[in-house]
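Colleague: Please take a close look at a single part of this model. I would like one connected account of the disulfide and the residues around it.

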Amino acid sequence: QVQLVESGGGLVQSGGSLRLSCAASGSFFSRNYLDWYRQAPGKERELVARVWNDDRTNYADSVKGRFTISRDNAKNTAYLQMNSLKPEDTAVYYCKLFNYWGKGTLVTVSA
C-alpha cells in the first residue's frame with residue numbers, strides 16, 4: 001500500500017512561483033516513475049510532468065520551460081517547481097505513483 005500526500009498549493013499572482021511536494025510512504029518510490037497531473041474546473045485531468053527512476057523528465061508542452069519536476073529518493077518525495085505561473089495553470093494538482101494517487105492540492109493563479 002502506498003500513500004501520497006501533496007502540499008504546497010495556494011493562491012499566487014500571475015507571474016509568481018510555487019513549489020509543490022509529494023510525499024510517498026512505502027518502499028515503492030525509487031523503483032517507479034512519478035507523475036504530476038492537474039485538473040482544471042470543467043476539464044479532464046491532464047499529465048503535466050513525469051520523472052523517471054533515472055531522473056529523466058518529460059513535460060507537457062504547456063509547461064515546458066516554466067515547470068521543473070524532480071525527486072529525492074532518500075526522502076521519498078517528489079517536487080514540482082512552477083515558475084511564471086499563468087491563470088490557465090489554475091487547477092488541482094495530483095501526484096501519481098504506479099496506480100496510486102494523492103488527494104491533490106489546489107493551485108489558484110490570479111490575473
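This is a predicted model: local features need pLDDT of at least 70, side-chain atom pairs count only at pLDDT 80 or more; totals for chains, interfaces and linings use all residues.

Modeller: Residues are numbered from 1 along each chain as its sequence is written, and side-chain values use heavy atoms, with hydrogens and water left out.

The structure holds 1 disulfide, a disulfide being a pair of cysteine sulfur atoms within 2.5 Å. Cys22 and Cys95 form it, with their sulfur atoms 2.1 Å apart. The pair links distant parts of the chain, 73 residues apart: Cys22 is in strand β3 (residues 18-24) and Cys95 in strand β9 (residues 91-97). Strands are DSSP runs (E, at least two residues), numbered from the N terminus. The link is right-handed, with 70° about the S-S bond. Both cysteines are buried, that is, under 20% relative accessible area (1.4 Å probe, protein chains only).

Leu34, in strand β4 (residues 34-39), touches Cys22 and Cys95, among others; contact means heavy atoms within 4.5 Å. Leu34 is buried because its relative accessible area is 0%.

Glu6, in strand β1 (residues 4-7), also has Cys22 and Cys95 among its contacts. Glu6 is buried yet has no salt bridge, and the nearest side chain of opposite charge, Arg45, is 7.6 Å away. A salt bridge needs a side-chain nitrogen of Lys or Arg within 4 Å of a carboxyl oxygen of Asp or Glu. A polar atom of the Glu6 side chain lies 3.1 Å from the backbone nitrogen of Lys103, and a polar atom of that side chain lies 2.9 Å from the backbone nitrogen of Gly104.

Conventions: Helices (H or I, at least four residues) and strands (E, at least two) are DSSP runs, numbered from the N terminus. Buried means under 20% relative accessible area, exposed over 50%, partly exposed in between (1.4 Å probe, protein chains only). Lys and Arg count as positive and Asp and Glu as negative; His and the chain ends are not counted. A polar contact is a pair of N or O atoms within 3.5 Å; within protein, one must be able to donate a hydrogen and the other to accept it, and residues adjacent in sequence count only if both atoms are side-chain atoms. Lists of a residue's contacts leave out its neighbours within four places in sequence.
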